[in-house]
Amino acid sequence: MDIDIDLEMQLKPGQLEAVILEFVTRCKHLLDLLTIILMQITQVFYQLLFIPSIHIPHHTSILTGCAWVLELLTGHPECIKINFGVPLEIFSVLMRILRENGVRDSRHGVTVEEQLGIFLYTCVTGLSSRLVAKWFQRSMDTITR
């Protein structure tokens, strides 16, 4: 049995040209598709490498430090939970416990509320002391005490 079969003998007259034309058309479509895919990939890499990302600010309040903590205490209840990781009720209980155990406002003007806020904010965000000090507008020594 001969495995090599003559393709031209199995096709009717004119069919070979039609098959070749269809093959060429499909190859052109495939090439067009690959070109579009490569253009998209190139555009994505260009955007990643050369277009700066847009930073959306997390803190939209103009307040910092003690004023920001007071804004969280008196504002929407979800804000304190998002920023400090605890609801207002828990923050209040922690404040009472700290005051009962002798924690007072510092001589440098840092209130107990702000001290607790600094601690909780650092725990929730995991930011460095330098960044927390910048946000609360306090010295590094104040933040790390």
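1. **Confidence.** The protein chain averages a pLDDT of 83, and 88% of the residues score at least 70.

2. **Ground rules.** This is a predicted model, in which local features need pLDDT of at least 70 and side-chain atom pairs count only at pLDDT 80 or more, while totals for chains, interfaces and linings use all residues. Residues are numbered from 1 along each chain as its sequence is written, and side-chain values use heavy atoms, with hydrogens and water left out.

3. **What α6 hides.** Its buried residues are Val112, Glu113, Glu114, Leu116, Gly117, Ile118, Leu120 and Tyr121. Buried means under 20% relative accessible area, exposed over 50%, and partly exposed in between, with a 1.4 Å probe and protein chains only. The cover over these residues includes α3 (65-74), α4 (77-84), α5, α7 (129-136) and α8 (140-144).

4. **How α3 meets α6.** These two helices pack at an angle of about 85 degrees, their axes 9 Å apart. That makes α3 roughly perpendicular to α6, a label for angles of 65 to 115 degrees. The axes are lines fitted to C-alpha atoms over the stretch in contact, and angles run from 0 to 180 degrees between N-to-C directions. On the α3 side the contact (heavy atoms within 4.5 Å) is made by Gly65, Cys66, Trp68, Val69 and Leu73, and on the α6 side by Glu113, Glu114 and Tyr121.

5. Side chains of opposite charge can pair when their charged atoms come close. The count here is 4 salt bridges, each a side-chain nitrogen of Lys or Arg within 4 Å of a carboxyl oxygen of Asp or Glu. One of them joins Glu113 and Arg99 at 2.9 Å, N to O. Glu113 is in helix α6 and Arg99 in helix α5, so this pair ties together parts 14 residues apart in sequence. Glu114 forms another with Arg138, the closest N and O atoms being 2.8 Å apart. This pair links distant parts of the chain, with Glu114 in helix α6 and Arg138 in the loop between α7 and α8, 24 residues apart. Glu114 counts as buried at 0% relative accessibility, whereas Arg138 is partly exposed at 25%.

6. Arg96 and Glu100 meet at 3.4 Å, N to O. Both lie in helix α5, 4 residues apart, about one turn of the helix. Arg96 is partly exposed at 46% relative accessibility, and Glu100 is exposed at 58%.

7. **One backbone detail to look at.** Most residues other than glycine have a negative phi. Gln137 is not a glycine, yet has a positive phi of about 55 degrees. Gln137 sits in the loop between α7 and α8 and, at 60% relative accessibility, counts as exposed.

Notes:
pLDDT is the predictor's confidence in each residue, from 0 to 100. Angles under 35 degrees count as roughly parallel, over 145 as roughly antiparallel, 65 to 115 as roughly perpendicular and the rest as oblique.
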